[in-house]
Amino acid sequence: MLTKWGRAFPGLPEQVAEARHFVAGLLREWGRVDEAALIVGELAANAVRHTLSGKAGGWFLVVVGFGADFVRIEVIDQGGDGVPTMRDASSLEEGGRGLMLVAACAKDWGAKVLPQGSSVWADLVREEA
C-alpha cells in the first residue's frame, strides 16, 4: 500500500520548478532526490508544453507515492493529443528526449489516458544503505 502526497500546480512554465521543489522536499530523507527532481521536472514540463494543462486556467497534479522500497512519481495533466511516447534517440530535433531521461533514471515508467486527462508515472527504487 502506498502512502501518497499530492499537490496541484497552475499550468505555467515557472511552476515546473515549484513541482521539483515539492518532490525534493518529500524525498530529502528518502534519497534519490536528484533523479526524482529530474523526473518530475520532465513530466511537469511535458504536461505544460504538450497538454491542455498549459492553456489558460490549466493545471497539473503531482502525486508522490511511497512504497516499502520504491517511490512512484506521477504527473496527471488535463489531456492532449494522445499518450506520451519516447522518441528515437537518433532524432536531430532539439527537444523530445525527456522521456528517455526519465526511463534512464527510473526502474519503470508508463503513461495512461484518463477520462479527463492523462497520467505519466515513474518508479524509483530506494538506494541501498
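How many helices and strands does the protein chain have? In this predicted model, the protein chain contains 3 helices and 5 strands, and these elements follow one another from the N terminus in the order β-α-α-β-β-α-β-β. Of the 129 residues in the protein chain, 42% are buried, and the chain exposes about 7500 Å², of which carbon and sulfur atoms supply 53%. Among contacts between residues at least 6 apart in sequence, 63% join residues at least 24 apart.

The 5 strands form an open sheet with the order S1-S2-S3-S5-S4 and antiparallel pairing. Strand S1 (3–10) and strand S4 (108–114) stand at the edges, and each has a single partner strand, so that one side of each is left without a neighbour in the sheet. From one strand to the next, the twist averages 15 degrees. Strands of a sheet pair through backbone hydrogen bonds, in either the parallel or the antiparallel sense.

Within this sheet, S1 and S2 are paired in the antiparallel sense over 8 bridges, with Gly 6 standing opposite Val 63 in S2. Strand S2 (residues 59–66) is in turn joined to S3 by 6 bridges, the two strands running antiparallel, and a hairpin connects S2 to S3 through 3 residues. In this pairing, Val 62 has Val 75 of S3 as its bridge partner. S3 also pairs with strand S5 (residues 117–125), again in the antiparallel sense, over 8 bridges, and here Asp 77 stands opposite Ser 118 in S5. Strand S3 (residues 70–77) is mostly covered, since 6 of its 8 residues are buried.

Helix H1 (residues 15–27) packs on the sheet, where it touches S1, S2 and S3, and its direction makes about 15 degrees with that of S2. The 13 residues of H1 should span 18 Å at 1.5 Å a residue, and the end C-alpha atoms of the helix are 19 Å apart, which agrees with that expectation. The buried residues of H1 are Gln 15, Val 16, Ala 19, Phe 22, Val 23, Ala 24 and Leu 27. An α-helix has 3.6 residues a turn, so residues three or four places apart point the same way. The cover over the buried residues of H1 includes S1, helix H2 (33–50), S2 and S3.

A search of the whole structure finds 3 aromatic pairs. The ring centres of Phe 9 and Phe 60 lie 5.3 Å apart and the ring planes meet at 15 degrees, so this pair is stacked. The pair links distant parts of the chain, as Phe 9 belongs to strand S1 and Phe 60 to strand S2, 51 residues apart.

Trp 30 and Phe 66 form an edge-to-face aromatic pair, with 6.5 Å from centre to centre and 65 degrees between the planes. Because Trp 30 lies in the loop between H1 and H2 whereas Phe 66 lies in strand S2, this pair ties together parts that are 36 residues apart in sequence. Trp 30 is buried, with a relative accessible area of 9%, and Phe 66 is likewise buried, with a relative accessible area of 16%.

Key: Residues are numbered from 1 along each chain as its sequence is written. This is a predicted model: local features need pLDDT of at least 70, side-chain atom pairs count only at pLDDT 80 or more; totals for chains, interfaces and linings use all residues. Side-chain values use heavy atoms; hydrogens and water are left out. Buried means under 20% relative accessible area, exposed over 50%, partly exposed in between (1.4 Å probe, protein chains only). Helices (H or I, at least four residues) and strands (E, at least two) are DSSP runs, numbered from the N terminus. Two strands pair if DSSP finds at least two bridges between them. Contact means heavy atoms within 4.5 Å. Accessible areas come from the Shrake-Rupley method with a 1.4 Å probe; for residues, only the protein chains shown count as cover. Axes are lines fitted to C-alpha atoms, for helices over the stretch in contact, and angles run from 0 to 180 degrees between N-to-C directions. The expected span of a helix is 1.5 Å times one less than its number of residues. Rings of Phe, Tyr and Trp (its six-membered ring) pair if their centres lie within 6.5 Å; planes under 30 degrees apart count as stacked, over 60 as edge-to-face and the rest as tilted.
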